[in-house]
Amino acid sequence: MTADVRLVLGNQLTLRNPALPVAGAGGATVLMIEAPGESTHVWSHKARIAVFLAAMRHFHRLLAGEGLLVEYVRLDDDDAPEFQVRLENALRRLGARTLTVAEPGDHRVAEHIRAACERLRVLLRVQPDTHFIVSTEEFRAWAGGRATLRMEHFYRYVRRRTGILMNGSEPEGGVWNLDGENRRGFGRQGPGLVPAPPSFVPDALTAEVLDLVSQRFADHPGDLATFGWPVTREQALVALKSFVDDRLAGFGPFQDAMWSRQPHLWHSLLSCALNLELLDPREVIDAALEAYRRHRLPLASVEGFVRQILGWREFVRGVYWLDMPGLARANHYGHDRPLPGWFWTGHTGMNCLREAIGQTLSLGYAHHIQRLMVIGNFALLAGLRPQEVSDWFLAVYVDAVEWVELPNTAGMALYANGGRFTSKPYVASGAYIQRMSDYCGGCRYDPASRSGAQACPVTLLYWAFIDRHESSLSSNPRTTLMARGVARLGSGERRTLRQEAQRVLATMETL
């Protein structure tokens with residue numbers, strides 16, 4: 001029996017977790033809980049479930065080796081599937097009077113913890129999650145009373161505060177943002193030979209988890225045949241070194257490019273390890289900066305990567321806690337169409353979506369442009385219900401924790417919060433996908449057509465979206481050209497456009 005319980009959540013797997021007691025100190029019990037309900041409240045991909053369980057079990061073994069007393073609740077150790085019920089049962093069993101936890105990464109989980117402690121009259125102590133460079137309090141102070149937030153402004157603030165990629169008061173290279181150099185496609189020649197990221201052969205503990213997930217969650221999407229994600233800190237450090245040594249130099253120019261049967265390209269694949277806290281963002285940035293200085297890597301690649309970690313990742317976490325729970329309910333355009341069934345199969349004639357969704361369902365992974373400008377773009381243009389789309393994104397990606405997934409999906413991809421932190425809806429026609437990938441070459445639809453049997457649904461729905469929102473888009477400097485494009489169409493063309501869009505939306509399941 002112990003009065004002092006320290007809760008470690010499945011995405012807080014670091015010895016620097018502020019909730020952990022000092023090694024060897026008596027009287028405190030570390031509590032870790034596997035709960036089936038966390039895998040079924042969204043229909044989670046098998047690889048996502050396996051990543052969390054394998055990483056948790058390895059961390060449990062690490063804590064025991066550090067001399068800490070750990071109460072570890074496994075999937076079958078409690079009849080209740082819900083996390084909150086399992087937490088209450090464990091707190092009763094341990095005779096808890098206080099519960100200490102680092103800030104959760106999920107508003108729903110935070111509410112479950114609060115409710116459990118209130119119900120049992122246990123004192124709850126929530127510690128700032130020091131894994132992040134910017135605390136929720138600092139972000140709130142930076143945001144102030146702004147009605148709109150912009151990552152670029154936040155990014156410059158954090159670079160000045162930390163001195164990262166700064167020469168005194170000026171940014172490295174004299175400019176803050178090298179995005180203009182980082183939007184290249186591969187052209188017809190394709191990406192060429194790209195160094196493969198490491199894949200980690202499952203050890204006995206991970207293999208046990210893979211067998212468990214395959215049996216317990218057999219009806220869930222995905223498979224585990226190629227599972228090779230890092231689930232320990234040692235593996236995560238190998239993955240970090242591999243990226244910095246082999247792929248960071250090529251990351252910048254081609255970070256937005258896509259290519260069939262090339263799921264990884266120059267991307268880091270570190271978000272999963274970062275979001276489990278197996279890696280610290282500071283050491284990831286430091287590794288990139290050291291390689292930049294030692295090997296004279298292109299600044300555009302290094303700055304582009306640092307911006308994702310120091311800028312976007314920290315920014316969306318701040319936005320999440322600032323705007324929840326309203327962000328989860330946001331639906332600026334009132335979109336209410338259900339998710340097509342092929343989101344769970346990848347069986348669609350639209351090759352871009354077949355590639356991006358098929359890869360996702362197979363690996364539990366797609367890079368940011370596949371998520372934003374292929375899957376998210378279609379979801380916005382087709383008027384899919386934001387909550388269903390967000391649940392799908394949370395379910396299918398191995399790196400999905402709600403603090404990062406929800407702002408990216410609802411806020412950026414779907415514009416559901418009406419531009420709270422984005423300056424425009426991120427919409428594009430099939431021409432963009434054709435420019436940034438080889439997807440259109442293997443498609444039955446024509447990306448240049450917006451009417452007729454061969455019309456690309458993405459292109460058609462893009463023009464219908466611009467037609468529908470012409471007024472608001474014309475008043476936004478970043479979308480004025482879009483609005484001018486649709487304004488040049490005659491009334492007959494616009495009428496045909498609307499009719500064609502309705503036809504496509506009515507037959508969406510068969511696209």
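Asp280 sits in the loop between helices H10 and H11; helices here are DSSP runs of type H or I with at least four residues, numbered from the N terminus. The model is a predicted one, in which local features require pLDDT of at least 70 and side-chain atom pairs pLDDT 80 or more, while totals for chains, interfaces and linings use all residues. Residues are numbered from 1 along each chain as its sequence is written, and side-chain values use heavy atoms, with hydrogens and water left out.

Leaving aside residues up to four places away in sequence, Asp280 touches Arg16, His131 and Leu274, where contact means heavy atoms within 4.5 Å. Asp280 and Phe132 lie 148 residues apart in sequence, and their C-alpha atoms are 8.0 Å apart in space.

The second largest pocket holds about 440 Å³ of space. A pocket is an open set of points on a 1 Å grid over the protein atoms alone, where a 1.4 Å probe fits, with protein on both sides within 12 Å along at least five of seven lines; lining residues have an atom within 4 Å of a point. The volume is the space filled by probe spheres set on the points, which are joined across faces, edges and corners. Of the 22 lining residues, Leu13, Thr14, Leu15, Arg233 and Leu278 are the closest to the centre of this pocket. Two or more lining residues come from each of helices H2 (46-65), H8 (233-246) and H11 (281-295), and H2 gives the largest share, four residues. The lining comprises eight nonpolar, six polar and eight charged residues (nonpolar: Ala, Val, Leu, Ile, Met, Phe, Trp, Tyr, Cys and Pro; charged: Asp, Glu, Lys and Arg; polar: the others, Gly among them).

Helix H5 (residues 136-143) and helix H12 (residues 299-323) have axes that come within 9 Å and cross at roughly 85°. This makes H5 roughly perpendicular to H12, a description that covers angles of 65 to 115 degrees. Axes are lines fitted to C-alpha atoms over the stretch in contact, and angles run from 0 to 180 degrees between N-to-C directions. The contact of H5 with H12 has seven nonpolar, two polar and two charged residues.

Helix H17 (residues 402-413) is largely enclosed by the rest of the structure, because eleven of its twelve residues are buried. The cover over these buried residues includes H4, H10, H12, H13, H15 and H16.

Key
Angles under 35 degrees count as roughly parallel, over 145 as roughly antiparallel, 65 to 115 as roughly perpendicular and the rest as oblique. Buried means under 20% relative accessible area, exposed over 50%, partly exposed in between (1.4 Å probe, protein chains only).
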